Amino acid sequence: MLQILIQGLLLSGLYALIAVGFTMIFSIGRVLNLSYGSSLMVGGYTYFYFSQTLGIPKLAGLAVAAVAGCLMGLLVFRLIVKTLEGSHVAIEISTLILAVVVQAAIVLLFGDSSKILLPIIPGVVWVSGAAVTYNILAAMLAGWAVLAGLHFYVRATHTGRAMSAVSMDLKGAAISGIEPDRINMITWGLSGALGAVAGVFFASYTQLSPSMWVAPLIISVAVVIVGGIGSIVGTLIVAHIIGFMEVIVTAWIAPELRGVFTMLLIICVLILRPQGLFGRAEL
């Protein structure tokens, strides 16, 4: 039981890190960025190329991956979201198509075989008989730190409060002098950077592959739907619910069914509480 608790905490922290960027976009833009998973894939492959192929220091490789994710987020906003503004369905379909295009580009550049991504922080520590890698521990701590930092940023800074205002009332925020486009640019860029960093940790936990964008996207959609639009607390709690349940299903039932619980959870919440566990009812 203690091992399940430890593994659940570690996996949940990683899931929180994965989902936070997607939550930001959904909160402010009210659209599903279905290319978000490809931001993680771009981050993972960028880190692989610069750190393991070119041999630059790992932290520098992580920074380059974050920049690549940020640029991708900004490009998606400028080329797709602004062009198709007002049509959420068209934006969501276009971002999904973009994810498939990015997957094809990855295959052309790196091949279709899976690759092993070396951990950012090597080493293992034993906790109550359970082997815990420093890398997954760092991912968990990073997930908690990002959510705590984002919570502080939204409440304590001018730009953060502007993000909150845009998420609640776009027209009201514009009337009060806030520039929605500027806030959206910041949000998409930050979301892409966070997604890329999460992609490096996720790929080092699993592996690099051209289809690795799918699982993080499903996790992110589940966290947003179940937690509720714009809820940082909801993101943290639901990431832990999903993480613990996947560990339990893997340990006690069958590893092949670990993703089934996530799908069933989405369906149940959509039927019983469409606004999510921590979302606002009017949304």
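The model is a predicted one. The protein holds eleven helices and two strands. Reading from the N terminus, the order of elements is α-α-α-α-β-β-α-α-α-α-α-α-α. With a radius of gyration of 18 Å, close to the 19 Å that the globule rule gives for 283 residues, the protein is as compact as a globular protein of that length. Its C-alpha trace spans about 55 × 45 × 35 Å along the principal axes.

Buried residues make up 48% of the 283 in the protein. Among contacts with a separation of 6 or more, 75% join residues 24 or more positions apart.

Now to the helix pair. Helix H10 covers residues 232-252 and helix H11 residues 258-272; their axes come within 8 Å and cross at roughly 140 degrees. The crossing of H10 past H11 is right-handed.

| Helix | Residues in the contact |
|---|---|
| H10 | Ile241, Ile242, Met245, Glu246, Val249, Thr250 |
| H11 | Arg258, Gly259, Phe261, Thr262, Leu265 |

What is the make-up of the residues in the contact of H10 with H11: how many are nonpolar, polar and charged? Six are nonpolar, three are polar and two are charged.

How values were computed
Residues numbered from 1 in each chain as written. Predicted model: local features only at pLDDT ≥ 70, side-chain atom pairs only at ≥ 80, totals over all residues. Heavy atoms only, no water. Axes fitted to C-alpha atoms, helices over the stretch in contact; angles between N-to-C directions. Helix = DSSP H or I, 4+ residues; strand = E, 2+ residues; numbered from the N terminus. Left-handed = near helix turned anticlockwise from the far one by under 90°. Contact = heavy atoms within 4.5 Å. Nonpolar A, V, L, I, M, F, W, Y, C, P; charged D, E, K, R; others polar. Rg over C-alpha atoms; globule rule 2.2 N^0.38 Å. Buried < 20%, exposed > 50% of the residue type's maximum accessible area, 1.4 Å probe, protein only.
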